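Biologist: I would like to learn how to read a model like this. Could we take a few features one by one?

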Amino acid sequence: MKALLSATCIATLLISGGVMAKTPDNVKLAIDVPYEPFVYRAPDGELEGFEIDLGNELCKRAQLKCSWVEQPWDGIIPGLLARKYDAILSSMAITPERERQVLFSIPYYNTPSIWITARDRDINIDDRDSLKGLSVGVQRGSIRDVYVTEMYGDVLDIRRYGSSQDVENDLKTGRLDLAFEDYPLAIESIDFRNDDSPFKQIGSEISTPKRIFGSGAAMAFRTRDKALAEKFNQAIRDVYSDGTFDTLMNKYFDYDLSIHSELAK
């Protein structure tokens, strides 16, 4: 009876998070697809992209067997908490609100967000009165959704979409006046940097306030999985220290999204 009671107590502690969880044999990593060039599906059906390459490298450094699980963004944290997978590796920004739900790794990259509109539109994002009635597209549940809702919810018609791709599609077909997008995603999927392109960036790049945009993108874990998080923390440090991160970054980007200075703190 005593042995049975002891086993029951241990099981209860494990379920309630009273002790540190054991690292699973096969670590399932959740990612929202597509999010080019971070993740996309190749013609043969395989997942490719910067975060796929980075995640596979991190698993190798941590000596873990990993597999990928596709999960739409608006359910990605609930899916983690429901144990559908063991971690999120999907460009998730560290924010105070999310820190109340999950355990973050150290960050592995950081990028700003930008406003995009048609090149022939004359929109001044700093003139609030002129924005009244204009529509803006954002991905539902993203930090850009939070920012636009808080800062422009009283003047802009905010339209929320299940994916960034849906935002871009409606911008390109003229159903949106504006899109508020992640900078690298916009570069990959919207032609806005050339003078003869159909779209343009307006206003400055935005990465503050920190309480909304956080301090960079990181992996997310259940709060009890500290040992698993630390394995990946060390792997992130390792890919930075030996130049592997920069090699992978330069494969997909023509700009710098590294956080060497943050890791050095």
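Biologist: Is tyrosine 240 buried or exposed?

Modeller: This is a predicted model, so the values are computed from it. A residue counts as buried when its relative accessible area is under 20%. Tyrosine 240 has a relative accessible area of 8%, so tyrosine 240 is buried.

Biologist: What is the relative accessibility of phenylalanine 245?

Modeller: Phenylalanine 245 has 1% relative accessibility, so this residue counts as buried too.

Biologist: How do the rings of tyrosine 240 and phenylalanine 245 pair?

Modeller: Planes under 30 degrees apart count as stacked. Here the angle between the planes is 15° and the centres are 4.3 Å apart, and the pair is stacked.

Biologist: Which cluster do these rings belong to?

Modeller: Ring pairs link both into a cluster whose members include Tyr35, Phe38, Tyr252 and Tyr255. The structure holds 17 aromatic pairs.

Biologist: Now the sheet. What holds strands together in general?

Modeller: Strands of a sheet pair through backbone hydrogen bonds, and they run either parallel or antiparallel. In this model an open sheet of five strands has the order S4-S1-S5-S12-S6, and its pairing is mixed.

Biologist: Which strands are at the edges?

Modeller: Strand S4 (65-70) and strand S6 (103-104) are the edge strands, each pairing on one side only. S6 is joined to strand S12 (residues 217-221) by two bridges, and the two run antiparallel. Across this pairing, leucine 103 stands opposite phenylalanine 221 in S12.

Biologist: Where does helix H10 pack?

Modeller: Helix H10 (residues 226-241) packs on the sheet and touches strand S1 (26-31), S4, S6 and S12. The direction of H10 makes about 155° with that of S12.

How values were computed. Residues numbered from 1 in each chain as written. Predicted model: local features only at pLDDT ≥ 70, side-chain atom pairs only at ≥ 80, totals over all residues. Heavy atoms only, no water. Pairing = 2+ DSSP bridges. Helix = DSSP H or I, 4+ residues; strand = E, 2+ residues; numbered from the N terminus. Contact = heavy atoms within 4.5 Å. Axes fitted to C-alpha atoms, helices over the stretch in contact; angles between N-to-C directions. Phe/Tyr/Trp six-rings, centres within 6.5 Å; stacked < 30°, edge-to-face > 60°. Buried < 20%, exposed > 50% of the residue type's maximum accessible area, 1.4 Å probe, protein only.
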